[in-house]
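This report goes through the structure shown below, part by part.

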Amino acid sequence: MTGADIIIETLIEQGTEVVFGYPGGQAINIYDAIYKRADRIKHVLTAHEQGAAHAADGYARASGKVGVVIATSGPGATNLVTGIANAYLDSIPVVAITGNVPCSLIGRDSFQEVDIVGITMPIVKHNYCVKDVTKLADTIREAFKIAKEGRPGPVLIDVPKDVQIADIPFENKPILPEKPDPIVSETDLNAAIEMINASKRPYIYCGGGVVSKDAGKEVEELAELIDAPVGFSMMGLAAIPHSNPRALGMIGMHGKYSAIKIKSKSDLIIALGVRFSDRATGNKNAYMPNAKILHIDIDPAELDKNINSTLGIVGNVKSVIAAINKRLEKTERPYWQNEIENIKALERTIPEHKSDMLTPYKVVDTVAAAAKPTTPIATDVGQHQMWVAQRYPFEGARTLISSGGLGTMGFGLGAAIGACMATNERTVLFTGDGSFGMNLNELATAVSQKLPIVIVLMNNGVLGMVRQWQTMFFNKHYSQTTLERKTDFVKLAEAFGAKGMRANTPSELEECVKKAFASDGPVVIDCYIDKDERVLPMIPPGGTMDDLVVE
Amino acid sequence: MKKFIIGMLVSNQSGVLTRISGMFGRRGFNIDSLVVGVTEHPEFSRMTITMTGEDYDRDQIIKQLEKLHDVYEVREMLADEIVSRELVLIKVAADRKTRQEIMTAANVFRSKIVDFSTDSLLIEMTGESSKLEAFIELMKDYGIIELCRTGVVSLDRGATCLKNK
Ligand SMILES: Cc1ncc(C[n+]2csc(CCOP(=O)(O)OP(=O)(O)O)c2C)c(N)n1
Ligand SMILES: [Mg+2]
């Protein structure tokens with residue numbers, strides 16, 4: 001069997017059903033191997049390799065499986081870079097396979113040769129250039145194992161063309177076992193229990209690790225046992241259902257008032273699968289000076305990296321919380337619940353800004369009313385992303401597909417394609433006019449794959465998030481954030497073979513959403529919203545709770 | 001600021017050094033020296049890193065190194081539990097008048113003269129870095145033409161060793 005055949009056979013062996021990618025000279029053998037196995041593996045041709053990388057990422061986020069992307073050498077490989085970095089920063093399991101020039105031409109600046117292994121080294125969990133065909137299958141097997149185990153992340157495998165052509169026997173092997181979870185000592189568990197029992201105002205802070213390890217049930221149980229509220233980083237938002245009354249919402253720079261305020265009153269932060277990113281903590285030197293911190297994460301390097309914990313436990317959040325829950329007795333903390341209720345009541349008195357026009361929250365609410373609890377919700381990056389994070393009532397884990405760590409404008413459409421293919425569910429993309437402009441070419445992919453994706457474009461005519469900073473911190477110097485484009489998104493959608501609709505008012509939007517949710521293929525709903533809408537509350541960068549801007 | 005020595009076993013493959021030094025650059029870790037060489041086992045290379053920093057820096061470096069797939073074993077090596085050595089080759093200007101004095105100094109420092117010419121001496125010296133530094137300081141008076149240090153290598157005293165996991 002040729003190296004190219006081995007690549008595809010090994011992908012199938014590893015459980016891959018769908019791959020995203022784009023062919024080219026140094027990947028043509030791999031594509032021939034795909035052609036011959038069209039009945040056993042589906043390949044989705046995107047418009048651009050970046051879209052393919054985001055699709056593999058979105059696929060992985062929605063399904064919990066490894067996303068796979070294939071590209072040719074040179075420009076094909078470099079087009080993957082943003083997508084790989086995006087997966088790296090959010091710890092998403094992705095395997096990227098690139099073709100390269102034959103070994104004999106490597107290092108000679110050959111046509112379409114780049115050192116993709118060197119280029120991606122700082123943004124992958126691991127990468128390989130396979131120069132020996134006898135190592136090819138085992139390398140791919142190991143790549144899947146590395147991508148999935150512990151703290152997941154992207155792995156890249158570069159395969160020179162002569163290795164794709166070389167012919168050797170192939171045999172399937174069982175899937176490699178993942179590295180066992182770290183063992184948590186009895187001492188640490190007891191110390192954690194003691195901290196929790198001693199706490200009067202415990203607060204659970206839930207991050208992407210809880211989603212990644214499917215530990216939502218355990219977190220809900222913990223919250224119940226210790227009578228604690230739950231706040232989330234953006235990556236952790238969908239970890240437990242919004243309908244659980246203990247779920248407060250997002251914390252951090254654009255967090256919810258109650259989620260932030262209640263956290264500031266807490267005397268014990270139980271931080272689960274979080275990395276205390278600067279967007280979530282603000283000024284880390286003034287972070288919760290009076291609270292103890294119990295930090296549980298699978299990656300030892302996250303403990304005490306950004307915030308020093310009172311107790312750090314390295315382990316799989318799911319099994320560690322389960323072990324803690326087993327040792328806890330149910331305790332009620334009525335005074336704490338009282339305080340929490342008071343803060344929530346105070347929050348309700350903050351007037352929500354009303355308008356007959358479409359407000360961002362109205363857009364989110366209208367879509368949420370039409371969607372199912374299992375509907376994947378992808379976003380791009382900007383104000384619209386924060387409005388969705390603040391407002392959308394996420395019910396199912398893995399329903400929020402959003403670029404957290406890298407904040408990649410242009411992530412959304414590719415990711416929505418991946419999520420839609422992973423779940424076979426109608427998928428929603430909330431995007432902005434700036435972000436959509438970056439990778440809207442993937443509309444072509446959504447059309448060719450007949451994917452039911454509802455693209456809700458929050459069209460404010462500006463790069464709203466940057467503009468908001470200019471409003472607040474740069475004396476309204478709106479430098480290069482007013483788009484002044486004349487793009488007609490309805491016609492654009494139609495030109496791609498999708499449906500296009502426009503909504504200027506709440507009732508028009510309701511009408512559009514109803515139609516969109518009854519359509520077969522992709523639909524773009526162009527929603528006009530005011531360019532001066534702001535994302536509030538906001539803790540300015542490097543600030544603390546005391547700097548919170550509410551209105 | 002303290003000095004730390006970190007010993008590690010890594011896979012003996014091309015690209016491993018780039019991966020490790022690249023990670024230091026990316027995360028802003030400052031290291032003083034890094035030495036890598038083959039070991040008794042063909043699969044592994046051994047690295048010794050010296051760095052100056054706070055406990056936090058050392059802990060982060062070790063934890064980030066542990067995450068790299070090519071790193072098999074990594075830990076701090078405590079100064080009083082190890083033997084550390086460094087080698088320097090140093091070329092010093094030497095004429096009829098100064099040559100004898102330099103040779104005497106070299107002798108006192110237990111170093112070797114490895115090359116001799118009419119206007120220079122090439123001296124090889126091995127020892128702890130502090131000893132090398134004292135000698136280099138001394139040679140400045142005579143005029144150092146060039147010098148080359150290997151960086152520090154360390155092994156544990158006694159039976160302790162950095163074993164492959
Ligand atoms: C690839 C990329 N380039 C630049 C940025 C910086 N940036 C963050 S938000 C934003 C504006 C986004 O505009 P839009 O998509 O229209 O969303 P809005 O904020 O208006 O809702 C920009 C330019 C980024 N995050 N990603
Ligand atoms: Mg915009």
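## Basis of the report

Domain bounds in this report come from an automatic or database domain assignment. The model is predicted.

## The two domains of chain B

Chain B is divided by the domain assignment into domain 1, covering 2-77, and domain 2, covering 83-153. The C-alpha centres of these two domains of chain B are 29 Å apart. Five residues of domain 1 of chain B touch five residues of domain 2 of chain B. Between them, domain 1 and domain 2 of chain B bury about 360 Å², and carbon and sulfur atoms give 69% of that area. On the side of domain 1 of chain B, the residues that lose the most area to domain 2 are Ile5(B), Val35(B) and Thr48(B), which together make up 73% of what that side buries.

How many salt bridges are counted between domain 1 of chain B and domain 2 of chain B? The count is zero. Strand E2 (31-38) and strand E3 (44-53) of chain B each provide at least two residues of the side of domain 1 that touches domain 2. Sorted by class, that side of domain 1 of chain B holds two nonpolar and three polar residues, and no charged residues.

## Domains 2 and 3 of chain A

For chain A the domain assignment gives domain 1 (3-165), domain 2 (186-347) and domain 3 (360-528). Taken over C-alpha atoms, the centres of domain 2 and domain 3 of chain A are separated by 30 Å. In this pair, 18 residues of domain 2 of chain A are in contact with 19 residues of domain 3 of chain A. The size of an interface is often given as the accessible area lost when the parts come together. For domain 2 and domain 3 of chain A the buried area is about 1400 Å², with 62% of it on carbon and sulfur atoms. Met234(A), Ala238(A) and His254(A) account for 41% of the area that domain 2 of chain A buries against domain 3 of chain A, more than any other three residues.

One salt bridge is found across the interface of domain 2 and domain 3 of chain A. A salt bridge joins the side chains of Arg398(A) and Asp214(A), at 3.5 Å from N to O. Eight residue pairs, both residues at pLDDT 80 or more, are in polar contact across the interface of these two domains of chain A. By class, the side of domain 2 of chain A that touches domain 3 has ten nonpolar, five polar and three charged residues.

## Where chain A meets chain B

Contact between the chains involves 15 residues of chain A and twelve residues of chain B. The two chains bury about 1100 Å² between them, and 48% of this area is on carbon and sulfur atoms. Which three residues supply more of the area that chain A buries against chain B than any other three? They are Met121(A), His126(A) and Lys305(A), with 40% of that area.

The count of salt bridges between chain A and chain B is one. Asp299(A) and Lys67(B) form a salt bridge through their side chains, at 2.5 Å from N to O. Polar contact across the interface of chain A and chain B is found for nine residue pairs, both residues at pLDDT 80 or more. Strand E5 (126-129) and helix H7 (136-148) of chain A each supply at least two residues of the side of chain A that touches chain B. E5(A) gives the largest share of that side, three residues. By class, the side of chain A that touches chain B has eight nonpolar, two polar and five charged residues.

## Around ligand 1

There are 17 residues around ligand 1, and those that come nearest are Gln383(A), Asp433(A), Gly434(A), Ser435(A) and Gly464(A). A polar backbone atom of Gly407(A) lies 2.8 Å from a nitrogen atom of ligand 1.

## Backbone details in chain A

Most residues other than glycine have a negative phi, and most peptide bonds are trans. Phe276(A), a residue other than glycine, has a positive phi near 50°. Phe276(A) sits in the loop between strand E10 (268-272) and helix H13 (278-281) of chain A. The peptide bond from Leu536(A) to Pro537(A) is cis, with omega near 0°. Pro537(A) belongs to the segment after strand E18 (523-528) of chain A.

Definitions and conventions. Residues numbered from 1 in each chain as written. Chains lettered and ligands numbered in written order. Predicted model: local features only at pLDDT ≥ 70, side-chain atom pairs only at ≥ 80, totals over all residues. Heavy atoms only, no water. Contact = heavy atoms within 4.5 Å. Buried area = accessible area lost by both parts, 1.4 Å probe. Salt bridge = Lys/Arg side-chain N within 4 Å of Asp/Glu carboxyl O. Helix = DSSP H or I, 4+ residues; strand = E, 2+ residues; numbered from the N terminus. Nonpolar A, V, L, I, M, F, W, Y, C, P; charged D, E, K, R; others polar. Near = heavy atom within 4 Å. Polar contact = N/O pair within 3.5 Å; in protein donor to acceptor, adjacent residues only side chain to side chain.
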